[in-house]
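Thanks for coming. I have one structure to go through, and I'll keep it to a few places in the chain.

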Amino acid sequence: MNKIAKGILHHKKIILILFILLGLLAGFLATKVEVNYDIIQYLPDDVPSSKALTVLDQEFHEQIPNLNIAVEGLDLASALALKAKIAAHPAVLSVTWLDDLYDLAQPLETIPQESRESFFKDGQARYIVNVKAQNYSKTMQALRDLVGGKVAMSGQAVQFAQANLAAGEEIGRIMLFAIPLALLILVLSTRSYVEPFIFLFTVLIAVLFNMGTNIFLGQISFISQAVAAVLQMAVSMDYSIFMLNRFAHFRAEGDDVDTAMQKAMVKSFSSITASAATTFFGFLSLIFMRFALGADLGLVLAKGIIFSLFSTFLCLPVLGSLCYKWIDKTSHKSFLPSHQSLRHLGRLLGRIAPVVLILVAVLALPLYRAQSRINFLYGMSEAGAKEQKIQTQYIREQFGDKQMIVLLLPKGQPEQELALCRELSDLPYIDSVSAYASSVGYELPPEIVPADQLAKLQSEHYSRLIIQTNLASEGPKAFAAAQDLRDLVARYYPEGDSHWAGEVFSLLDMRDLVRVDNQLVNGLTILFVGIILLLTFRSLTIPLILVFTIEFAIWFNLSAIYFGGRPLNYIGYLVISTIQLGATVDYGILTAEHYMDFRKTLAPKWAAQEAIALSLPAIMPPALILSLVGYILSFVSSLPVVSDIGLVLGRGALFSLAAVVFLLPNLLRLCDPLIRMTTLAPASMRIYGKTLLASPQQTDTEASEILAKTGSGSQNKA
């Protein structure tokens with residue numbers, strides 16, 4: 001490592017120029033990355049709803065409608081003319097209206113009122129449209145211009161259009177808030193006005209590398225596009241902080257600039273890579289999800305950690321050694337509490353240790369159970385800006401909470417099909433059923449049925465039932481109804497080969513899938529982090545203590561959502577479960593390392609107090625930055641899924657910091673005998689096979705004498 005560090009510093013100008021050029025190229029490539037706004041496409045091909053969509057496309061060359069258009073001021077003739085106008089638009093694949101379900105040659109009064117008023121009511125027409133998967137925002141605006149007048153739109157296409165606009169516009173707004181506030185925190189927590197800009201340059205160029213190389217993935221989800229950059233900045237900022245702190249320490253000892261930076265690179269390598277590894281493998285565990293949105297997000301975030309590491313060990317040393325004069329000229333006093341003040345805090349935490357441990361013991365199980373009972377959202381039904389939500393609510397009030405679903409049945413079984421149609425029509429959440437058996441009748445030869453009507457209801461192998469429901473797209477009632485519909489058809493067609501297609505069925509499959517994925521991801525994240533901690537500390541007990549500390553903070557964070565009674569988008573839960581453990585366990589690693597170091601000469605009580613006093617100045621800035629970024633995401637983003645991620649992340653970073661400050665030192669102190677029995681001490685702590693540790697019976701006077709001898713230099717160890 002010494003040779004590598006020396007080689008990097010020897011070619012510092014070349015490396016800096018190369019980073020700048022590659023950063024500019026990556027920034028250009030980032031603008032060319034294709035973004036996917038349809039989360040349903042991330043379902044695996046073998047789940048029932050995906051199979052249904054595949055068969056529907058193969059047999060009828062259509063997909064499920066994804067747009068509702070409601071227009072005022074129409075009579076029957078103008079409504080039919082507008083339907084033809086919408087259908088002629090090149091982005092429109094199909095339009096379904098009242099005339100597709102009933103013969104309008106008959107008086108409207110003969111059509112069942114509930115079915116009629118779900119399409120045409122008081123001079124207002126509602127069209128169910130299927131638009132192409134392309135630039136949704138442009139398509140929505142084109143259709144608004146085409147229809148003219150008073151028009152309201154809702155549905156997945158509108159949600160995707162909103163995500164399209166938000167993902168592009170909000171990244172800039174988020175960074176506009178995040179960067180100045182992060183700079184402010186860094187200025188307050190460092191000793192130079194230039195250092196924060198070095199930190200930000202190092203992290204932001206790594207972000208550019210990450211976002212630019214996404215072009216090699218083919219496409220990324222809009223969620224990865226919206227949150228990856230700011231999360232990468234937040235979780236990897238501490239690598240740069242640790243490196244420059246080491247650099248300042250060695251310079252204070254009298255080393256010249258290049259020697260100090262070389263030593264800083266070597267000494268910080270193991271601690272930074274261990275911290276990065278916990279975050280990296282936490283993100284990487286997402287790729288094992290069958291729901292591919294997790295893999296998309298996990299791969300982008302894990303890749304970002306790798307680029308942040310490269311930037312920290314290549315770009316930061318170059319910048320630090322080139323800008324050291326500016327660092328010196330802009331130095332200022334520390335705005336953080338003095339080390340002596342933090343020692344007083346450590347003593348206070350020691351005094352309240354029994355209360356903290358009792359509270360944790362009492363609350364752990366209830367909080368764990370509460371966080372496991374959160375009501376999740378899986379789709380994007382609540383997405384949209386205020387104006388869009390008003391339009392969605394208007395359509396619901398005028399025409400009801402309607403959703404069209406499709407059932408594909410094996411062709412050639414008319415009696416079963418007709419009996420099933422009758423039973424489906426009797427269900428309270430089904431408004432109408434349009435099928436060959438019920439609408440045309442098998443007593444008529446197919447040859448005399450109009451070709452356009454026949455093509456909607458039958459293909460070479462399947463009969464298609466177009467069903468109008470009053471189901472929501474998701475929720476306990478909608479999911480229960482969707483499962484009942486699957487069970488009902490299975491009774492009529494036990495041999496299979498029947499397919500339900502619709503948003504509610506896709507989200508039902510998503511729910512069932514992510515329940516299994518969630519257990520897998522949480523288990524793998526804990527396993528990966530535990531192995532890294534085991535190798536770092538060579539201890540069986542310390543990894544358990546660290547993981548429990550952060551997991552307790554996660555339970556506390558998520559249980560607040562349960563007790564608040566509001567649903568949480570599942571992606572927000574997924575992110576917090578991995579990020580809060582993978583990113584904030586770093587704080588615990590640093591505190592535990594200091595504790596083990598102080599235990600060579602101090603009793604557990606004093607070691608715990610000194611560990612937190614020494615760790616707090618190092619862990620507070622990254623924790624505050626991570627929390628700040630989370631809350632900015634929550635307040636700035638109009639996308640509920642991104643806002644949820646920000647809310648739980650912002651609060652979770654603070655909870656993790658609190659857990660590391662209040663709980664971890666007391667757990668280390670309480671479990672000290674067990675730690676001693678289950679830890680393989682390094683050679684520097686052993687003589688004749690015995691571990692050199694201060695006696696737990698050490699007096700306060702003895703500890704004070706030791707601290708008086710070592711305290712002056714202890715602050716530099718951070």
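Is Asp99 buried, exposed or partly exposed? This is a predicted model, so that applies to everything I say. Asp99 has a relative accessible area of 29%, so it counts as partly exposed. Its side chain meets that of Lys83 in a salt bridge, 3.0 Å from N to O. Lys83 sits in helix H4, and Asp99 in the loop between strand S3 and helix H5, so the pair ties together parts 16 residues apart in sequence. Lys83 itself counts as buried, because its relative accessibility is 11% and the cut-off is under 20%.

There are eleven salt bridges in the structure. Another one is Arg251 with Asp328, at 2.9 Å, N to O. Arg251 is in helix H9 and Asp328 in helix H12, so this pair ties together parts 77 residues apart in sequence. Arg251 is partly exposed at 25%, and Asp328 is partly exposed at 37%.

Staying with H9, Ser224 also lies in that helix. Ser224 is buried, at 0% relative accessibility. Leaving aside neighbours within four places in sequence, Ser224 is in contact with Asp296, Leu297 and Val300.

Now the strands. S2 and S6 run antiparallel and are joined by four bridges. Ile69 stands opposite Met153 in S6. In S6, Val151 and Met153 point one way, Ala152 and Ser154 the other, and all are buried. In a regular strand, side chains alternate between the two faces of the sheet.

Last, helix H3. Its 13 residues should span 18 Å at 1.5 Å a residue, and the end C-alpha atoms are 18 Å apart, which agrees. Just after H3, His61 has a positive phi of about 55 degrees.

Note on methods: Residues numbered from 1 in each chain as written. Predicted model: local features only at pLDDT ≥ 70, side-chain atom pairs only at ≥ 80, totals over all residues. Heavy atoms only, no water. Helix = DSSP H or I, 4+ residues; strand = E, 2+ residues; numbered from the N terminus. Buried < 20%, exposed > 50% of the residue type's maximum accessible area, 1.4 Å probe, protein only. Contact = heavy atoms within 4.5 Å. Expected span 1.5 Å × (residues − 1). Pairing = 2+ DSSP bridges. Salt bridge = Lys/Arg side-chain N within 4 Å of Asp/Glu carboxyl O.
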